[in-house]
Amino acid sequence: MLMTADVRQPAESTPDQKSTREIYLPPARKTITGGGKPHIVAREFSIYYGEFEAVKKVSADILSKYVTAIIGPSGCGKSTFLRSINRMNDLVPSCHTTGALLFDGDDVYGKFTDEVLLRKKVGMVFQKPNPFPKSIFDNIAYGPRLHGINDRKKLMEIVERSLRKAALWDEVSDRLDKNALGLSGGQQQRLCVARTLAVEPEVLLLDEPTSALDPKATAKIEDLIQELRGSYTIMIVTHNMQQASRVSDTTMFFYEGVLVEQAPTAQLFTNPRDPMTEDYITGRFS
Amino acid sequence: MSERPVHELIRELSEVLVQLSDKVVGNLFNALHAVKHQDEQGARQIRLVDDEIDMAEVNLEERCLAFLALQQPVARDLRTIVTIIKINDDLERIGDLAVHIIDRMPEISPDMLESFEFENMGLHAGDMVKKSIEAFVLKDRVLAGRVSAMDEEIDSIHRKVFRTVTQLMKNPDSDIDQLIAALSISRYIERMADHATRIAHEVIYLVTGEIVRHKEGFYESLIESTEE
């Protein structure tokens, strides 16, 4: 299904980047009420490590409340692009960007952007589960405390709500004071999701969230993504193409820093438009 | 890049399908020959070959289903396997229709067969099947479109047979059983051409990813594209 979306146009855009452009609405799954508006918008957006252009003039719309998967071979720029959305790349001294990246219409790399507020709104979960060496409760309460919430009752509410959303509450409700490092890998990863949800983000960035997990734990994370779909804008970088096809509504294929194709997942995996996408997903890549 | 085992397997399944189509078309031509010459021995052979076709169809479907489950193909690979499964089904049905023609053999005389030009009609339908399979092998969208357009010719012959039979039936001396058999044979051949058309549509899906069945205006655009 095609729709034309009116998106804000950054000043840097070239004339051929029209203010109305075709974007895809995911046809294969249930439509989400209130979703589908461009939440994150990239226009001619490049990311450099020193001289090296790791992401090349990407123009894309990430739809609110839907799941977007990013696939591509190693070193194609998919994680770099993901990490640019909550400015995790700022930690790399040589990293700089050109073009525009907008979040809710605001310039992510603008002079007056509050990175702390940005990262509150755009949470991230990494490849390896990385709970703090603290209790389960303190892991979840960490973010809210940073944002000034210290009332124990209020924190307890947040912890329970976050753990329930992350489908972990039933497994850990009787041992919230136990060290989070005692949880299994899959549980630790869901704890990390819960920790991210505790600060009530709008966007969840998942960077290969199941690559360190066994199939059962992977299935739980994939189920969790489906549960969270419709409440959060979710972006997932994955090397597992079956996973991308199972969990996402739209898929972006990157190759050598270029966004080759962005399409509804059902379309991309049955009838991709670009031969390069076709060759990659069918394993014909040389 | 050398061909990966998974793609060799797809090629192998495609080859099995082509072999099956050869058998089906061969059996159709033999059925027309057997009816023309009232060849009982040939008719028996046709039934035996159809049993082989049925077995081969089940076997190929099982292999394709296993491929889907184990390899989880996407894009062109997925479309190829789905197309093989569907064409396989059409070929099996064409095989059955050839046997149905044989079933009508005791009721129809070679003269009547001759008068309705069923042999030509059957050869035309067989040609459509052959060309549709050729389009599959070559992944040729234009050829598939041509096959699809050929269906109109068969439909027109079938309509003509229908009109003639209805007319002849009005004669009190007419051999009704024989006329019904003639109408049935015409219908079987027309169905075969329909299956060939379906195969052609499946090839168009394989090449373009577009499902063209029941699409309004498709036939007109097809004629235009084949004329270009």
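Tutor: Gladly. Two strands count as paired if DSSP finds at least two bridges between them. Bear in mind that this is a predicted model.

Student: What makes strand S6 (residues 95-103) of chain A and S7(A) a pair?

Tutor: They share two bridges, and the cut-off is at least two, so they qualify as paired. Their sense is antiparallel. For one bridge, look at Leu102(A), whose partner in S7(A) is Asp107(A).

Student: How do you know that the length of helix H2 (residues 40-71) of chain B fits a helix?

Tutor: At 1.5 Å a residue, its 32 residues should span 46 Å, and the end C-alpha atoms are 46 Å apart, so the two values agree. After H2(B) comes Gln72(B), with a positive phi near 45 degrees.

Student: What makes a residue such as Ile53(B) in H2(B) buried?

Tutor: The label calls for 20 or more other C-beta atoms within 10 Å of its own. Ile53(B) is classed as buried, and the buried residues of H2(B) also include Leu60(B) and Phe67(B). The buried residues of H2(B) pack against helix H1 (5-36) and helix H3 (75-103) of chain B.

Methods:
Residues are numbered from 1 along each chain as its sequence is written. Chains are lettered from A and ligands numbered from 1 in the order in which they are written. This is a predicted model: local features need pLDDT of at least 70, side-chain atom pairs count only at pLDDT 80 or more; totals for chains, interfaces and linings use all residues. Helices (H or I, at least four residues) and strands (E, at least two) are DSSP runs, numbered from the N terminus. The expected span of a helix is 1.5 Å times one less than its number of residues. A residue is buried if 20 or more other C-beta atoms lie within 10 Å of its own, exposed if 12 or fewer, and partly exposed in between; C-beta atoms are placed from the backbone. Two residues are in contact if their C-beta atoms, placed from the backbone, lie within 7 Å.
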